[in-house]
Amino acid sequence: MSAAVPRRVLLVCTGNICRSPLAEGILRHHSQAAGLNIEFDSAGTHSYHVGEPPDARAIQAARARGVNIEQLRARRIEAEDFARFDCILVADHANLQALQARLGPVSQTAQLLLAKAGIDPRGEVPDPYYASLREFEACFDLLDRAARKLLSSWLNPA
């Protein structure tokens, strides 16, 4: 495995039931298909849904595309995660700021997911929570694109 490939990756959103479990499932799915041994996990900046499975619409959007996230359970990010994970990918600016407010200045391991994927340096993954299944499907597609770009960059560093 290339030195550019992280060993442990954490995906972060607000409640850990929409964007971050989708990203976790998609990245795990593609990395396993590529034969990579990477640990993926997800967490939320808030404890709204701790212990709950992903939103039913997230599960449905993922299942329709061959990714199973039903076994995942929401948890809140902890300070120890910054030592445990070499790469922390955050869905949006608000959650990056929430990490800083809760845990102090976050290290360089925490970055915006779409920026790290090379899709948009200031881009955010839209939160589909208050929307329809269609927005969850669009979220899945955006995260799938980001996951493919991330894996490509890890396997083929510049």
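Reader: Let's start with the rings: which residue lies over the face of tyrosine 129, and at what distance from the ring centre?

Author: A charge sits over a ring if NZ of Lys or CZ of Arg is within 6 Å of the ring centre and within 35 degrees of the ring normal. Here arginine 57 lies over the face of tyrosine 129, 6.0 Å from the ring centre. Do keep in mind that this is a predicted model, where local features need pLDDT of at least 70, side-chain atom pairs count only at pLDDT 80 or more, and totals for chains, interfaces and linings use all residues. Residues are numbered from 1 along each chain as its sequence is written, and side-chain values use heavy atoms, with hydrogens and water left out.

Reader: How many aromatic pairs are there?

Author: Rings of Phe, Tyr and Trp (its six-membered ring) pair if their centres lie within 6.5 Å; planes under 30 degrees apart are stacked, over 60 edge-to-face, and the rest tilted. That rule gives one aromatic pair. The rings of tyrosine 129 and tyrosine 130 have centres 4.8 Å apart and planes at 85°, so this pair is edge-to-face.

Reader: Is tyrosine 129 buried, partly exposed or exposed?

Author: Buried means under 20% relative accessible area, exposed over 50%, and partly exposed in between (1.4 Å probe, protein chains only). Tyrosine 129 is partly exposed because its relative accessible area is 28%, whereas tyrosine 130, at 78%, is exposed.

Reader: On to the sheet: what is the order of its strands?

Author: Strands of a sheet pair through backbone hydrogen bonds, either parallel or antiparallel. Strands (E, at least two residues) and helices (H or I, at least four) are DSSP runs, numbered from the N terminus, and two strands pair if DSSP finds at least two bridges between them. This open sheet has four strands in the order S2-S1-S3-S4, with parallel pairing. S2 and S4 stand at the edges with a single partner strand each, so one side of each has no neighbour in the sheet.

Reader: Which bridge partners can I look up for S3?

Author: S1 and S3 pair in parallel over four bridges, and valine 9 has cysteine 87 as its bridge partner in S3. Three bridges join S3 to the parallel strand S4 (residues 110-112), where leucine 112 partners valine 90. From S3 (residues 87-90), Cys87 and Leu89 point one way, Ile88 and Val90 the other way, and all are buried.

Reader: Where is aspartate 92, and what is it in contact with beyond its sequence neighbours?

Author: Aspartate 92 sits in the loop between S3 and H4. At a relative accessible area of 8%, aspartate 92 counts as buried. Contact means heavy atoms within 4.5 Å; leaving aside neighbours within four places in sequence, aspartate 92 is in contact with Arg19, Leu112 and Glu124.

Reader: What span should helix H1 have?

Author: The expected span is 1.5 Å times one less than the number of residues. For the 15 residues of H1 (residues 19-33) this gives 21 Å, and the end C-alpha atoms are 21 Å apart, which agrees. H1 is mostly covered, with eleven of its 15 residues buried. Glycine 35, with a positive phi near 75°, follows H1.
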